[in-house]
Amino acid sequence: MDSIFSVKNVNLYYGDKHVLKDVNLEIYKKQVTAFIGPSGCGKSTLLRCLDRMNDLIDDCKVEGEILYKGKDVKNYDAMDLRSSVGMVFQTPNPFPMSIFDNVAYGPRCHGIKNKKVLKEIVEEALKKAALYDEVKDNLKESGLALSGGQQQRLCIARCIAMKPEVILMDEPTSALDPIATLKIEELINDLKKEYTIVIVTHNMQQATRVSDYTAFFMLGEIVEYNKTGELFKSPKNKKTEDYITGRFG
Amino acid sequence: MSKRKFFDGLLNGITYLFSSLGIVILALIFVFIFSTGGSTLSFDLLSEDYYSTNYVVRYSSPYEGGNYVYSPSDNEYFSSKWGIALEDTTSIEGTDAISISYIDRESPLIDGLVNVSNSNYHHLEIGTYISTLLVNTEDGRVLSSSVRNGAEKMCETLNQAQTITNMNLSRGGGGIKGSLISTLYLILFTLILLLPLGIAAAIYLSICAKDNKITRALKTLIDMSSGVPSIIFGLVGLLIFVPMLNGIIGSDGHSLIAGALTMTIMLLPTVISTTKETIDVIPKKIINGSLALGASQTQTTFKIILPNAIPGILTSTLLAIGRIIGESAALIFVMGTQIQDNIILNQGSTTLATHIYNLMGLENPNTSLAAAIAIIILIAVLVLNILVKLVGLYFKKKGLK
Ligand SMILES: Nc1ncnc2c1ncn2[C@@H]1O[C@H](COP(=O)(O)OP(=O)(O)OP(=O)(O)O)[C@@H](O)[C@H]1O
Ligand SMILES: [Mg+2]
């Protein structure tokens, strides 16, 4: 299996706080990888390392290597890296502008001005995000006027419009109701044909439903990393077993 | 229980008393200003020059004289020979003056006077001031009279005249066109400097600057300096900007540009903090959302941050305009108190507020004109405040998160 990200001996500090400890991880192409683990164990932090969103945090220091397609992320231009590695946040964050402009935002920032081209990109992205049928008649309406689940799919569409290779999702359904959650999960199953997806989740069922690989984190370390089926069926580590059976966390 | 009720009632009573007292005092101020200045307020006031126009005229063909009839009032003096009445008054500048209070329709002076400078006939109007008069009598004597001798003497001199060799007239004036334009220019140039500086600084402080001691000290400094009395900024302007500008734009002391610079530094803290407040409430997740799509910081600033900061920018602009209109102390230092009709950017001039200051410093303060300008300022400030409210309401309705 081809890996797209190789995380090697990564240590991360916020000031003096040692948050990621010797993390090693391979993320495989066109697979869904889930990060699970108790709150504060560094799942979001590792996710942000992958598209260098940690650059935005003052006094965050990263040691070790994170290779994206064989090249250290440090050696990418941050904007190029983020165009290729998209991110969907925990709470939907559409921009205060129309649905169309939301999806066209990324391509526009990368210099695409042709109206026809933009229209095609937007339609395609909305279709892939399974939102097109719901909004096709009011693309001019504000993105903020959508429901939470629709907003989250809009954010996914916004990401897809950039034609990324990887989509990072940080608890994308934690602010949504079960039906909206189900829709996003179905969407993830569709998207993995084309994209590599990394998803942080607190929901064990969700991890088993959507992911191919699962990494279990605790206190900044990866305790266990395996195929999802095996990790949940026969955890090798006692801590993993305790966590997935709900004995703590 | 009843004791508690009693004290509640007492305290409420006191509150009502003081608040109604405040309102009554405010109302009285308005009534006073409107009753003093209301009658002076007119459209002409806004479009007229402050200084009167002077004419020198003569009447050279020997004039026999008519026999005009008019019944002058107490302080009027009527020349039945020429058919005009003169009156002692005070000019707009507050000095003694003699004005023409009546002209008979048949009077030779109405259209018979010749302007010395261009030899055209001068149409004489009621309200024109006469400052000096030089005439020839029938028997060849030369007589003269001026404002200092009063209207009665002027009228006597006129009565003995056969020809008028030289008469100094002045007309118009008392308007505030110059000060109005100066105020508008000051607002314009201040905003041109203030907005880019203020907005850039606000963006720097809330987005770009690292959160460290220096940044925090800077923020505190900015917050504090919005409370600095304006006269201190005026002093800074006088000591720094005025000499500096003398070298750069060739001004000689006071200038409108120095005023704009001074207003800019005076208002910068307010604009920075108001804009910063609106930027700070833009959710971080939206800004991060933009960056996570591979947009640059600059693109994020122009496409996300600035459009969302518009309410704050508009509000601070309106507030700044209000403060420029109302400012006097600082402007007296850097723009002077000399009223101008033609506004030149590298020369001093008065705004509406310092125009009032000038008027009240005259030998005979021109209270009614001052009050009329006060009304204009009050209305402008009122309108600005209403606009601020409307801006707030509009953007609240639009519901930017
Ligand atoms: N910007 C930051 N500055 C300093 N410390 C931070 C910052 N962000 C996170 N941390 C700390 O790093 C640790 C890991 O945080 P992180 O957000 O990665 O946890 P998480 O696994 O995503 O938790 P959750 O499941 O609650 O989202 C926590 O102890 C947190 O307090
Ligand atoms: Mg998290």
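Analyst: In this predicted model, helix α6 of chain A passes α7(A) in a right-handed crossing. The residues of α6(A) that make this contact are Gly149(A), Gln152(A), Arg153(A), Ile156(A) and Ile160(A), and they meet Ala180(A), Lys183(A), Ile184(A), Leu187(A) and Leu191(A) of α7(A). Sorted by class, the contact of α6(A) with α7(A) comprises six nonpolar, two polar and two charged residues. Two packed helices are described by the angle between their axes and the distance between the axes. For α6(A), which spans residues 148-160, and α7(A), which spans residues 178-191, the angle is about 20° and the axes are 9 Å apart. Since angles under 35 degrees count as roughly parallel, α6(A) and α7(A) are therefore described as roughly parallel to each other.

From α7(B), the residues taking part are Ser230(B), Phe233(B), Gly234(B), Val236(B), Gly237(B), Phe241(B), Val242(B), Met244(B) and Leu245(B), while α8(B) contributes Ile257(B), Ala258(B), Leu261(B), Thr262(B), Ile265(B) and Met266(B). The contact of α7(B) with α8(B) has 11 nonpolar and four polar residues, and no charged residues.

Helix α7(B) itself, residues 230-248, has a kink of about 40° that is centred on Gly237(B). Gly237(B) is also buried, as are Ser230(B), Phe233(B), Gly234(B), Phe241(B), Val242(B) and Leu245(B) of α7(B). The cover over these buried residues includes α6 (213-225), α8 (256-280) and α11 (329-335) of chain B. Just after α7(B) comes Gly250(B), where phi is positive at about 65°.

Apart from neighbours within four places in sequence, Ser230(B) is in contact with Met266(B), Glu327(B), Ala329(B) and Ala330(B). Of these partners, Met266(B) is one of the residues of α8(B) that meet α7(B).

Helix α8(B) also packs against α5 of chain B, residues 177-208, and here the axes come within 6 Å and cross at roughly 40°. The pair α5(B) and α8(B) is oblique, and α5(B) passes α8(B) in a right-handed crossing. By class, 20 nonpolar, seven polar and two charged residues make up the contact of α5(B) with α8(B).

Tyr63(B), in the loop between β1 (53-59) and β2 (76-79), has 13% relative accessibility and counts as buried. Not counting residues up to four places away in sequence, Tyr63(B) touches Tyr68(B), Lys81(B), Trp82(B), Pro108(B) and Gln162(B). From Tyr63(B) to Ser131(B) the separation is 68 residues in sequence and 22 Å in space, C-alpha to C-alpha. Glu76(B) belongs to strand β2 of chain B and is buried as well, with a relative accessible area of 9%. With residues up to four places away in sequence again left out, Glu76(B) touches Tyr70(B), Ala85(B), Leu86(B), Glu87(B) and Ser101(B). Glu76(B) and Phe34(B) are 42 residues apart in sequence, and their C-alpha atoms are 30 Å apart in space.

The last point concerns backbone angles. Most residues other than glycine have a negative phi. Asp59(A) is not a glycine, yet its phi is positive at about 40°. The place of Asp59(A) is in the loop between α1 (43-50) and β4 (60-68) of chain A, and at 57% relative accessibility Asp59(A) counts as exposed. Lys69(A), likewise not a glycine, has a positive phi of about 50°. Lys69(A) is found in the loop between β4 and β5 (71-72) of chain A, and with 43% relative accessibility Lys69(A) is classed as partly exposed.

Methods. Residues are numbered from 1 along each chain as its sequence is written. Chains are lettered from A and ligands numbered from 1 in the order in which they are written. This is a predicted model: local features need pLDDT of at least 70, side-chain atom pairs count only at pLDDT 80 or more; totals for chains, interfaces and linings use all residues. Side-chain values use heavy atoms; hydrogens and water are left out. The bend at a residue is the angle between axes fitted to the seven residues ending there and the seven starting there. Helices (H or I, at least four residues) and strands (E, at least two) are DSSP runs, numbered from the N terminus. Buried means under 20% relative accessible area, exposed over 50%, partly exposed in between (1.4 Å probe, protein chains only). Contact means heavy atoms within 4.5 Å. Axes are lines fitted to C-alpha atoms, for helices over the stretch in contact, and angles run from 0 to 180 degrees between N-to-C directions. Angles under 35 degrees count as roughly parallel, over 145 as roughly antiparallel, 65 to 115 as roughly perpendicular and the rest as oblique. A crossing is left-handed if the near helix is turned anticlockwise from the far one by less than a right angle, and right-handed if clockwise. Ala, Val, Leu, Ile, Met, Phe, Trp, Tyr, Cys and Pro count as nonpolar, Asp, Glu, Lys and Arg as charged, and the others, Gly among them, as polar.
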